[in-house]
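Work through the exercises below with the sequence and the model side by side, and try each task before reading its solution.

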Amino acid sequence: MLSVMYLEWDIEWEISMVVAISTVLLIGFILGGSTVYLVENHLRAKEMNKIYKLTESLINGNELDGSDIGKETLYSKTSNQLIRLQEMLEGRRKEAEKSRYEIQKLISEIAHQLRTPLSNIKNYTELLQESLNETQEVLNAEYMKDLRISEEQLCFLVESFIKTARLEQGIIQVHMQKENLVETILNALGQIQKKAEEKEIFFQVELPEKIICEHDKNWMCEAFYNVFDNAVKYSKNNSTINITMKQTEMFYKIQVRDYGIGIRDGEENKIFQRFYRGEQARGQEGCGIGLYLSREIVLLQKGMMKAKQMKPGLLIEVNLPVETVHMQLVRSL
């Protein structure tokens, strides 16, 4: 009987111990989980506070600290993304500032270029008005001639500005087709012939009979016209301009060499900048946009242009990529 009582007591004691241990473990688990949760919650709150300060710095335009980049934490990943965003915004800001500066510069240059012909038109109009009651047909004819020149300058400037802006903005697209490049060059030459004859300038032309080259004949004619116009403009009366073409493995090289005022050392690339006037060209007719427009047209057609100082004069070379070759007898005009 006593043995049975001891056995029952042992069983109850073991059950009590199991219950106690289980209770302790449960309490420990709960306390441990709560502690972990509180610690993690504290760390997360601290991390979120750092992220908040990071975004606040971004909004205020301050440079973000990238020292934590590369760590596998929420703050590090967020910091990395925000720094990338800041770099993108900074790049776009600089582009916007550059564009605004270019626009302001362009407006200023346009106003400066238009000032002289507009002033001439105003002055000659006033002179015409004063001479209406006088019999000065010869003088009036001279005034009308000067008015016409100023009008042509204005038209050329406005058309050049429009073409340049549209090309730069991609509004106008070039349409490349296999055309006779020699014919395109001769068409441009025909357009400048009258102006050359007024200065008694002779073109010595050595071109193949036919060269089939992929290009936009209308825009390329515009480019060559500007090159020829530049050569005539800065050449002396009763002089010669040489036009030649040669082929290499990669390019058709069209060279236009005049014997005019030329350029100074270091101006070989500057003369292709918009509105740039060489030191030698100061006081001469022109606005410094023709060669710039020509280069833009040639670049759009996978070519390139370069200038070389000559003694005397200037050599402009237009390089267009070789596609297919159909060369016949060389002729000299």
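Predicted model: local features only at pLDDT ≥ 70, side-chain atom pairs only at ≥ 80, totals over all residues.

Residues are numbered from 1 along each chain as its sequence is written, and side-chain values use heavy atoms, with hydrogens and water left out.

**Exercise 1.** Determine in which sense β4 pairs with β2 and in which sense with β5.

*Solution.* Begin with strand β2 (residues 202–208), which pairs with strand β4 (residues 240–247) in the parallel sense over five bridges; within this pairing, Val 205 has Ile 243 of β4 as its bridge partner. Turn next to strand β5 (residues 251–258), where the pairing with β4 is antiparallel and runs over six bridges, and where Gln 255 of β5 is the bridge partner of Thr 244.

**Exercise 2.** Describe the length, the N-terminal cap and the burial of helix α5.

*Solution.* Helix α5 (residues 217–233) has 17 residues and reaches 24 Å from its first C-alpha to its last, close to the expected 24 Å, where the expected span is 1.5 Å times one less than the number of residues. At the N-terminal end of α5, the cap is Asp 216, a side-chain oxygen of which lies 3.1 Å from the backbone nitrogen of Asn 218. For burial, take buried to mean under 20% relative accessible area (exposed is over 50%, partly exposed in between, with a 1.4 Å probe and protein chains only); 13 of the 17 residues of α5 are buried, so the helix is largely enclosed by the rest of the structure.

**Exercise 3.** Which residues are in contact with Ile 192, leaving aside its neighbours within four places in sequence?

*Solution.* First locate Ile 192 in helix α4 (residues 181–198), and note that Ile 192 is buried, with a relative accessible area of 0%. With contact taken as heavy atoms within 4.5 Å, the partners of Ile 192 beyond those neighbours are Phe 203, Tyr 225, Phe 228, Asp 229 and Val 232. Of these, Tyr 225 lies 33 residues from Ile 192 in sequence, yet the C-alpha to C-alpha distance between them is 6.8 Å.

Key:
Pairing = 2+ DSSP bridges. Helix = DSSP H or I, 4+ residues; strand = E, 2+ residues; numbered from the N terminus. Polar contact = N/O pair within 3.5 Å; in protein donor to acceptor, adjacent residues only side chain to side chain.
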